[in-house]
Amino acid sequence: MKIKSMIMVVIMMLCITINAQEQSNKTLVAYFSATGTTEKAAKLIVEVTGGTLYEIQPEKEYVTADLDWHDKSSRSSVEMSNAKSRPALKSKPENLADYDIIYIGFPIWWNSAPRIINTFIESDDFAGKTIIPFATSGSSS
């Protein structure tokens, strides 16, 4: 628990530093969270930065069976085994062009970002924006 707290403090300090340097910039905190862990981290970042929260949602919601990484035929296993997989988004953020700083959060799946993060990044123009990734892991403390 101490390690989790220390990691969150480091993240918050980073957010405060960046926010202080970029006061005039608009911040978006976009996240994908299958179980709620990444959502909690995203909300902490919003509290510190004053940014706008945006949930990256798949067109078809993930259910528990989809997330069973022990099952090679589960939806998440199939997506992650195919580097070209791009799950459809339910929607895209409005006015992405208005944001200068974009945090992109996700859980770590198979040592990588879920394929829906690729879909999100490839769905718009992020040129000229400061992108700050953050990740959570349910398999480690």
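**Entry 1: a ring cluster**

I started with the aromatic residues and found Phe32, Tyr62, Trp109 and Trp110 linked into a cluster by ring pairs. For a pair I took rings of Phe, Tyr and Trp (its six-membered ring) with centres within 6.5 Å, calling planes under 30 degrees apart stacked, over 60 edge-to-face and the rest tilted. By this rule I get a count of six aromatic pairs. One of them is Phe32 with Trp109, an edge-to-face pair with 5.7 Å from centre to centre and 80 degrees between the planes. Its two residues are 77 residues apart, Phe32 in the loop between E1 and H2 and Trp109 in the loop between E3 and H4.

A note on what I am looking at: this is a predicted model, where local features need pLDDT of at least 70, side-chain atom pairs count only at pLDDT 80 or more, and totals for chains, interfaces and linings use all residues. I number residues from 1 along each chain as its sequence is written, and side-chain values use heavy atoms, with hydrogens and water left out.

Are Phe32 and Trp109 buried or exposed? I call a residue buried under 20% relative accessible area, exposed over 50% and partly exposed in between (1.4 Å probe, protein chains only). Phe32 has 2% relative accessibility, so I put it down as buried. Trp109 is buried too, with a relative accessible area of 10%.

**Entry 2: a stacked pair**

Next I looked up Tyr54 and Phe120, which form a stacked pair at 6.3 Å centre to centre, with 25 degrees between the planes. Tyr54 sits in strand E2 and Phe120 in helix H4, 66 residues apart. Tyr54 has a relative accessible area of 13% and is therefore buried; Phe120, with 2%, is buried as well.

What else does Phe120 touch? I counted a contact when heavy atoms lie within 4.5 Å. Setting aside neighbours within four places in sequence, I found Phe120 in contact with Ala30, Tyr54, Ile56, Leu89, Pro93, Ile104 and Phe126.

**Entry 3: the elements and the sheet**

Starting at the N terminus, I read the elements as α-β-α-β-α-β-α-β.

From E1 the chain crosses through H2 to E2 in a right-handed β-α-β crossover. Right-handed here says that, with the strands pointing away from the viewer, the path from the first strand over the helix to the second runs clockwise.

**Entry 4: helices on the sheet**

Which residues of H4 are buried? They are Arg115, Ile116, Ile117, Thr119 and Phe120. Their cover includes E1, E2, helix H3 (75-81) and E3.

**Entry 5: the cores**

Last, I looked for nonpolar cores, sets of buried Ala, Val, Leu, Ile, Met, Phe, Trp, Tyr and Cys residues joined through side-chain atoms within 4.5 Å. The largest has 19 residues, and Leu28, Phe32, Ile56, Ile102, Ile117 and Phe120 have the most contacts inside it. At least two of its residues come from each of strand E1 (27-31), strand E3 (101-107) and helix H4 (115-122). Another core, of 10 residues, lies apart from it and has Ala42, Ile45, Val46 and Phe134 among its members.

For the whole chain, I noted that buried residues make up 40% of the 141 residues.

Terms used: Helix = DSSP H or I, 4+ residues; strand = E, 2+ residues; numbered from the N terminus.
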